[in-house]
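Take a look at the model first.

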Amino acid sequence: MEIAALLSGGVDSSVVVHLLCEQGYKPTLFYIKIGMDGAEYMDCSAEEDIELSTATARRYGLSLEVVDLHQEYWENVAAYAIDKIRQGLTPNPDVMCNKLIKFGCFEQRVGKDFDFTATGHYATTLQCDGKTWLGTAKDPVKDQTDFLAQIDYLQVSKLMFPIGGLMKQEVREIANRAGLPSAKRKDSQGICFLGKINYNDFVRRFLGEKEGAIVELETGKKVGTHRGYWFHTIGQRKGLGLSGGPWFVVKKDIEENTIYVSHGYGVETQYGHEFRMHDFHFITDNPWRGQEKEVDITFKIRHTPEFTKGKLIQEGEKQFHILSSEKLQGIAPGQFGVIYDEEAKVCVGSGEIIC
C-alpha cells in the first residue's frame, strides 16, 4: 500500500510516521509549504518545520519532499479570509485550508498517486453501510474534526488518522520513547499560515485602520473607540481596551463602523438559543434524509472540547435551523456550525452561520 504522510515538524505528525513504520509501511513524506517567503508581514516558521521534518525522515530512512502551495493558499484561503473579514464576518481559514489545500491542491498534485494520505489530525474514520464517515477522536480536548468538517467524501475515504485513537499524553510518550526529534516541541497555536505574526497585524496589512465608536448596547452610550470593525468578532472579550469590564462584543454595524458591547453579567443580549446555517455541506451523506421532524444532534460553533446538544431542523436543501439545549455565547456569523450525531461520534458536516 502506497501512503503519503504529511509532516508539519510537530510531534503529532512525527508519531504518525513512527506508527506507520512500526506497522511495516514505508510512507513517502511531504511537507506542505504555505508561508509567504520574503513578505514583510509574514514570519513563517517553515525553516524550523522543514528541519525537524527532515530529521524525522532521516531517522526512518525515508524521503521528504517540500510541496510549495503558497500561491494556491493565497488565492484560495487567505483571500477568502480577508473577504469575509471585510464583510464583517468571522471566517475560519483552517477549515478551508484543510478542504482546499492539504486535501485539495495536494491531492491533485501529489496525493492522487497514493492509496492513502496519513496526517497527524486528531480524528478517525468509521465504516458504516459500506461508506466512510469522519469520526471524532478519542481525546476530546484535541479533537480536530471541526477543522475537517468541509472535506468531501473522496477526501475522507483516502485519509488515515493514525493517532486519532490516542490521547495527547500517549502521543507524547510514544515520541519520547522513540526519541523523535520533535518530541519536546510545543504544539503550534493560531491560524495555520500566520506563524508568529499577530492576527491583527495581518488584517491591518490588507484592510488598514478606520476609527469608530464602541457603544454600550443597552444604553446607547459611547464607551470607547476602535480601529476598525474588522478587528473584532461577535463574542470577543479581550482586546477592547475598555475599563469596568468584562465587556463582550455583541453586535457590529458595518456601514457605520460601530461596535456594540455589553457587560458579562448574565446579560441576555450576549446569548442565543438558536442559529441558522446556509450552504450546508455533508461530508459523506445526509443520514437524516426523509426525516421532516426535528433531529437530535450535537454540535460546535467554535473549537472547544465540549459538544452541545441540540435539535436540527431542515428548512431548505442546504438550509438548517439549530435549536440549542443551552445558552450559546458569541454566535458569530461567518463561522462554521459543525454538526455531529447525537452521540458525538460522527462528524456529519458543516454550514456557514448566518444568524
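Strand β2 is mostly covered, with five of its six residues buried. Buried means under 20% relative accessible area, exposed means over 50%, and partly exposed lies in between (1.4 Å probe, protein chains only). Helices (H or I, at least four residues) and strands (E, at least two) are DSSP runs, numbered from the N terminus.

Strand β1 (residues 3-7) runs parallel to β2, joined by four bridges. Two strands pair if DSSP finds at least two bridges between them. In this pairing, L7 stands opposite Y31 in β2. Between β1 and β2 the chain passes through helix α1 (residues 11-22), a right-handed β-α-β crossover. Right-handed means that, with the strands pointing away from the viewer, the path from the first strand over the helix to the second runs clockwise. β2 also pairs with strand β3 (residues 64-68), in the parallel sense, over five bridges. There K33 stands opposite D68 in β3.

## Basis of the model

This is a predicted model: local features need pLDDT of at least 70, side-chain atom pairs count only at pLDDT 80 or more, and totals for chains, interfaces and linings use all residues. Residues are numbered from 1 along each chain as its sequence is written, and side-chain values use heavy atoms, leaving out hydrogens and water.

## Aromatic pairs

The structure holds eleven aromatic pairs. Rings of Phe, Tyr and Trp (its six-membered ring) pair if their centres lie within 6.5 Å; planes under 30 degrees apart count as stacked, over 60 as edge-to-face and the rest as tilted. F30 and F106 are edge-to-face, because their ring centres are 5.4 Å apart and their planes stand at 70 degrees. This pair links distant parts of the chain: F30 is in β2 (residues 28-33) and F106 in helix α4 (residues 93-109), 76 residues apart. Both are buried. Ring pairs link F30, F106 and F114 into a cluster.

W230 and F231 have ring centres 6.3 Å apart and planes at 50 degrees, so this pair is tilted. W230 is buried at 12% relative accessible area. F231 is buried at 9%.

## V215 in strand β8

V215 lies in strand β8 (residues 212-216). Is V215 buried or exposed? At 12% relative accessibility, V215 counts as buried. Its C-alpha atom is 7.2 Å from that of T258, 43 residues apart along the chain. Not counting residues up to four places away in sequence, V215 touches G220, K221, K222, T258, I259, Y260 and V261. Contact means heavy atoms within 4.5 Å.
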